[in-house]
Each structure stands twice: as structure tokens, then as C-alpha cells.
Amino acid sequence: MKRQFITIWCVFITCLTHAQGFNKAQGQAKDISLDKKGRVFIIGMRNNQLTFNTRQKRFVSFEGTQPEATQPTATFRNPNYNRYTNNSSRSRRAFYYPHDDVLDLLKSQKYLDVCLTGKDAVWVIKSDGKIYYRYNGSLRPLNKGGANNRRIAAVDGNKFYTVKRDNSIWEYKNGRGTKLSGAALDISLDHRKNKLYVIGKSNRIFIRNTVKNRWELISNTRNDFKKLSVNNAVIWAVTTNGNIYSNAIHSAVYDYQQNTGNRDYKIKVTLLHLSCKKAWDNDKKDDYMVSFKANVKGTKSFNMKNRSLNRISTIVKSFGTPNSLYIKRNKGNRDHARVQLHVPEKRSVNINNSGVFEIPTYYVNKGNVSLEVIVSADEVSERITPVLNKTNMLNLKEIVSYLSGKKPIGRYKEVKSVPYSFTRGNTLVSGRSIYYDMGRGYESVNLTKEGNRLVANVTVSGSKSKSVWGSTKTTQPDITYRLELVE
């Protein structure tokens, strides 16, 4: 009988561990937090902030909620009413979306726990086990809840719950503390349903039955949870090894990307072609070595993704940086001939290497990032002669405003009209490119339309002359690249 009991108990534990009620999400986390709309955020294993995209069924980088257009001034009133008075980026974020501040504090890893009350006040537990609240940009002691606290879930200053360092569970109401039954590792309050959840010492999830004054086991719970957050009966939890599970990954989760309008801008950069206005070689065909690299500059850097390399793909990936679309190779290298571009006078050679930068709208719209494009070209027919070496700084905010259709071309100032004429294949291509002002310190850009697509083109020109037997010969390469928005 004893053996039969042990067998049944082992089967029961196995069923819990492999429960079907909780589905595994992509990635791993140190901590997890749901906001009041049900949006899911984690602190990743690299201590980065991510949010769950339900369309892609994965966690994506979170850079902060975009502030509203207006910035009213207000003050803190009490521990349950958080408002900021200065105009820093962080304070504007916290004023409109206090949950961002919760994430920042969790990410700092300085505190035992951080929570948002039912009235949007940010509370923390410091290493001394005492409770503090945000006041005028600093933390003030709550003077309630005693010491030795480790985890917290709060309604307001008159009602909150804590888990002590000895795992005991306490309810504080009107300044009076009552020890509840059981022991817990973590605690979470579902503000929408007014329900209290804990992870018991068995690493399983329980819900408080206030009528019967007891804890009830959640159906199909796993037995390896250590952190949880709950909203509107949707549970997200992190296991002891950092895996992430939820009882509603595929249905009930509020999609941050779709419901805030704070999608990433996907800005595609394409190195289009190299053309030659003038060639100084006798055969009227010059040989060029080209380097092209794009970098995002500003408050945060972003790497180029989804590179599509139609020319010298293997060489670019092997020897270039992650943001390179073309690279030079020395004459002594085996692959020098493959990299070299042979361009007849008044003709062009297609390159069409591209890559995509995914940048949150918050950074672009606030002008917190720019695009730096470094372009160079050497003529290498007889010897290596530098001809072109330029760095363009592009105003992403203005360019994206045009590419997204938010700002019509008529609102941009024309600064120059540049004629062009070259042969591509058997076709003569000629016309004029109108360049528009992008602001002080930024490169002017040719804003135009290709079919139904709004695009921004930039042509970088170089020129070098040399004297040969009393005559002057000149080489003039042009390198053209494009910016556009893609899905």
C-alpha cells in the first residue's frame, strides 16, 4: 500500500511539472511584471527590458513608452499618488506610465521587490526589508509594514500584502498587520479581479479564497515556479531555471506592439549602385574599391538586421562589421578581384546590398537617434588612389516623417537640384534629383517616390585629378544609397 501511494504521488508530481494549462514562452527572465492592461514585461537574463509581442509570439526589446504630446506640471501628493515635476525623459515616462518606472527599478537589481499600487504609486522594498515609496524623484520610508519584508503587493497605503524573509504572508489593513496562513516565495495582486496569488514553498501557484479564508491550488500549476505576476486572471510566471510560462500566451494577453502604436520603425538601407561620371583610364573604365557602413548614433545603438547581400556576400560577412554593406580588400588578397568594381564612364554598376535597422518609434520621433553613413572609394587601376571619403549624418526623425506619410514633401525646403545622366545596361537614365533640407548639421536628402513607395536617396560624389604628360585626367565616382520603411 505504501509503494502504491508513493507511485501515485510521483505520477501526480510529474503531471504537475508537465501541466498543459501553462504554456512555455520564448526566452528566459530574471523577473516578470504585468501592467494593468495586461501587457507583459520581463527583465531578461542580460538585465535588459523586453515586452511580449503576441503577433510574433516572442519577447522583443522594450525601450520605454512614448510620452504624450502634452507635459503638464504636477507634484507628489502622497504615497499613493505619483507625479513628476521636472522635464527629464525618465520623469515624463513615469508620469504617463508609472509601470516604466517599476521596470527601471527592477532592472537596477538594487531592491528586493518593486510594485505598482492600485493608485499607480511605485513602492519598493530595500535591502533593509522596509517599504519605501517614490516621492519627488527619491524614495521615502512608508513607515508601515514593519521590517524583514521580501516581496510586496499593494492596493494603497491602507491595504497591502507582504511576504517576509521567513516566507510568512502578511496582510496590512488600516495600519494593522495580520499574519495569514501558509508560506510563500512570491506574491501578486490581480488589480482587475481583486484576487491575491502566491507561489507557495512547493513552487506551485495558489489563489486566496477570502470567503473560506484559505489558499487554493491553481489548476494545472507547475511545481517549479519562483516569480509571478497576474492581471485579469491571466498568470505569467518564471521558473527556478528562468523559463517563462503563462496560462494564456495565445489568447488573453494584451499586445503592447499593436495597442500602443509604439511599433518599431524598420528602416531599410540599400547601397544601390556605383556610377562613374568621368574615367581617367585610357580605356574609359575605372576600377574602384568601395566601403560602405551605416551606424545608428544617439542615446542607444542598434545593430543592422536582415542583411541581404547580392554582391560579395561571403566576403562582407567574413571581413566586414555587422553594419557593413560593402568592404574593401587589399590588392594582395585572393578575393581582391571579386570585390573590385569596374565601371565604364557614364555608366553604373548595381550593388543592391541592404540591411534593416529596427528602432522604436519613441527614439525616432523624439530625435534621439541619427543615422551615420560612412562611404569611401579608391581608384585602383595602377595604384591605390583615395578618391572619396565622406561621412553623412542623416536626420532619421525628418526622413521617417516623410517615409511614413506624416509629413508631405511640400513642407520640406528645397536646397539643391542635381542633374544626373548615366547608362544602366542598355538604358539611358537621366533627370534631376531635388534635395531637401533636413536640419542643421544633417545631410540634405533626395525625397522621392518609386512606384508606390516613398523613398529617400542620397548620392555621395568624389573627384580626383592627375596630370599625365601635360594633360589633366579626372575620375569621378558617385555612390547612391536609399532609405525606406519596410514591414
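Q: Which residues lie nearest the centre of the largest cavity?
A: Ser33, Leu34, Cys115, Ser188 and Ser229 do, out of 26 lining residues. On a 1 Å grid over the protein atoms alone, a cavity is a set of points where a 1.4 Å probe fits but cannot get out, and lining residues have an atom within 4 Å of a point. This is a predicted model, where local features need pLDDT of at least 70, side-chain atom pairs count only at pLDDT 80 or more, and totals for chains, interfaces and linings use all residues. Residues are numbered from 1 along each chain as its sequence is written, and side-chain values use heavy atoms, leaving out hydrogens and water.

Q: Nice! Is Cys115 buried or exposed?
A: Cys115 counts as buried, at 9% relative accessibility (buried is under 20% relative accessible area, exposed over 50%, partly exposed in between, with a 1.4 Å probe and protein chains only).

Q: Switching topic: how many aromatic pairs turn up?
A: The whole structure has 13. Rings of Phe, Tyr and Trp (its six-membered ring) pair if their centres lie within 6.5 Å; planes under 30 degrees apart are stacked, over 60 edge-to-face and the rest tilted.

Q: Why is the pair Phe41 and Phe62 edge-to-face?
A: Because their planes are at 65 degrees, with the ring centres 4.9 Å apart. Phe41 is buried at 0% relative accessible area, and Phe62 is buried at 4%.

Q: Which residues form an aromatic cluster?
A: Trp123, Phe160, Trp170 and Tyr172 form one.

Conventions: 1 Å grid on protein atoms, 1.4 Å probe; cavity = no way out; pocket = protein on both sides within 12 Å on 5 of 7 lines; lining within 4 Å.
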